Amino acid sequence: VRRSYALHVFVPRSTHDQETKKPEDEQYRTALEQHGFTTVRLHAGANGLIAQYNQIFSHFAGQEQVLLLSDTVPSVVYRRTKSLVVEELPPRHFRAVAALAFDLCKARSVRAWSLGANKHVLNMRPGYISLKCGLLDGNCFGVNLSIRPTIHLKYSGYTADVEFSLKAWAADGGMIRFLGMSAMHAYRAAGGHDVPHMPG
């Protein structure tokens, strides 16, 4: 069955590019038009990660399949075998993973899934889907927003993914995590993960 989807981008209007001084939403709109992505829907986002998540959750309240992906993710990688090599996941495979993830959530009556939060190849488990309590990766996760009670984040912008993970587990007693693949992301803070060198 072919599934349809819509792309939405939530951009804080107060954010300005340091070089051009133009609002980020204006830059998004220009770039999307230049590259032919005219069906992507832009929304006024919120300042701060917690407010942004809560706004997105509120906007899509009642929707069964919402995928949140940071715009600073350059690729999704996977460890296919026991060798210490990661490869980039083709987009068509990512769509299949997302479809499978939402189906697994429905089968187990849980709301949330994510790719593996640990991005180091030594900690990636090829082909392994965890049902245990763990960290849902805030850079790439899916959520069924029709399940109650609704999760509202409120504590720390630095640990929003931890809060969401704990509240999702407390509410549902389960989650789905694909530990053999991860959404790469270069963190600003010291000690954050760097994007690894990709082979080839």
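Two strands pair if DSSP finds at least two bridges between them. Strands (E, at least two residues) and helices (H or I, at least four) are DSSP runs, numbered from the N terminus.

Before the details, the ground rules. This is a predicted model, where local features need pLDDT of at least 70, side-chain atom pairs count only at pLDDT 80 or more, and totals for chains, interfaces and linings use all residues. Residues are numbered from 1 along each chain as its sequence is written, and side-chain values use heavy atoms, with hydrogens and water left out.

Sheet to start. Three strands form an open sheet, in the order β5-β4-β10, with antiparallel pairing. β5 (87-88) and β10 (181-183) stand at the edges, each with a single partner strand, so one side of each has no neighbour in the sheet. Look at β4, residues 76-78: three bridges join it to β10 in the antiparallel sense. There, Val76 stands opposite Ala183 in β10.

Now the rings. Phe, Tyr and Trp rings (for Trp, the six-membered one) pair if their centres lie within 6.5 Å; planes under 30 degrees apart count as stacked, over 60 as edge-to-face, the rest as tilted. The whole structure has seven aromatic pairs. Take Trp113 and Phe178. Their ring centres are 6.2 Å apart and their planes at 80°, so this pair is edge-to-face. Trp113 sits in strand β6 (residues 112-115) and Phe178 in strand β9 (residues 176-178), 65 residues apart. Both Trp113 and Phe178 are buried, meaning under 20% relative accessible area, with exposed over 50% and partly exposed in between (1.4 Å probe, protein chains only).

Next, Phe141 and Phe164. Centres 5.1 Å apart, planes at 45°, so that pair is tilted. Phe141 belongs to strand β8 (residues 140-143), Phe164 to helix α4 (residues 160-172), 23 residues apart. Phe141 and Phe164 are both buried. Ring pairs also link these two with Tyr53 and Phe57 into a cluster.
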